[in-house]
Amino acid sequence: MTMIGPTLICLTYRRPEMFERMAQSVAEAAALFTHLTGLDVQKVCVNQDPADAVTTARALARGWEVWTPGQNLSFAVGNNRAARLALGSALVLINNDLVMNELTLIRMWEQRA
């Protein structure tokens, strides 16, 4: 079993094109992170629109775990509930409009306390 480094949590509400752009950049950063550290990256998508099957399908296809609470929760509530699913030793809360640099996870991991 591979050990998990960070757990990434992203809340979404509609806008599947934003999620797709973010997920692509995260995939590249996570691949480099895993290659250099030997640790996996857990990715949790909180899809707050149960009717948004497109985001759910895209997230699952990219290896994200998907949690759909059935309603649009506040940022704090959604992230706190999703954090219960975290298996990693560090939480990284990301927005669905993020475009992550390939080295971001490595740099964050190096700076963790």
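Biologist: How do strand 2 and strand 3 pair, parallel or antiparallel?
Modeller: In this predicted model, strand 2 and strand 3 run parallel, with 3 bridges between them. Across that pairing, Cys45 stands opposite Val66 in strand 3.

Biologist: And what unit do they make with helix 2?
Modeller: Strand 2, helix 2 and strand 3 form a right-handed β-α-β unit.

Biologist: What about strand 1 and strand 2, how many bridges there?
Modeller: Strand 1 pairs with strand 2 over 7 bridges, in the parallel sense. Ile9 has Val44 of strand 2 as its bridge partner. With helix 1, these two strands make a right-handed β-α-β unit.

Biologist: Is strand 2 mostly buried or exposed?
Modeller: Buried. Of its 8 residues, 7 are buried, so strand 2 is largely enclosed by the rest of the structure.

Biologist: Switching to helix 3. Which of its residues are buried?
Modeller: Helix 3 covers residues 75-83, and its buried residues are Gly78, Asn79 and Ala82. They span an arc of only 95 degrees around the axis, which puts them on the same side of the helix.

Biologist: Why would residues spaced like that point the same way?
Modeller: An α-helix has 3.6 residues a turn, so residues three or four places apart point the same way.

Biologist: What do the buried ones pack against?
Modeller: Four strands: strand 1 (4-12), strand 2 (40-47), strand 3 (65-67) and strand 4 (90-95).

Biologist: Now aromatics. How many aromatic pairs are there?
Modeller: The structure has 2 aromatic pairs. One of them is Phe19 with Trp64, edge-to-face, at 5.4 Å centre to centre and 65 degrees between the planes.

Biologist: Where do Phe19 and Trp64 lie?
Modeller: Phe19 is in helix 1 (residues 16-37), while Trp64 is in the loop between helix 2 (53-61) and strand 3, so the pair ties together parts 45 residues apart in sequence. Both Phe19 and Trp64 are buried.

Biologist: And Phe33 with Trp109, how are their rings arranged?
Modeller: The ring centres of Phe33 and Trp109 are 5.5 Å apart and the planes are at 85 degrees, so this pair is edge-to-face. Phe33 belongs to helix 1 and Trp109 to helix 4 (residues 104-111), so the pair links parts that are 76 residues apart in sequence.

Biologist: Are those two buried or exposed?
Modeller: Phe33 counts as buried at 0% relative accessibility. Trp109 is buried too, with a relative accessible area of 14%.

Biologist: What sits over the ring of Trp109?
Modeller: The charged end of Arg112, 3.9 Å from the centre of the ring.

Notes:
Residues are numbered from 1 along each chain as its sequence is written. This is a predicted model: local features need pLDDT of at least 70, side-chain atom pairs count only at pLDDT 80 or more; totals for chains, interfaces and linings use all residues. Side-chain values use heavy atoms; hydrogens and water are left out. Buried means under 20% relative accessible area, exposed over 50%, partly exposed in between (1.4 Å probe, protein chains only). The arc is that of the directions from the helix axis to the C-beta atoms. Contact means heavy atoms within 4.5 Å. Rings of Phe, Tyr and Trp (its six-membered ring) pair if their centres lie within 6.5 Å; planes under 30 degrees apart count as stacked, over 60 as edge-to-face and the rest as tilted. A charge sits over a ring if NZ of Lys or CZ of Arg is within 6 Å of the ring centre and within 35 degrees of the ring normal. Two strands pair if DSSP finds at least two bridges between them. A crossover is right-handed if, with the strands pointing away from the viewer, the path from the first strand over the helix to the second runs clockwise.
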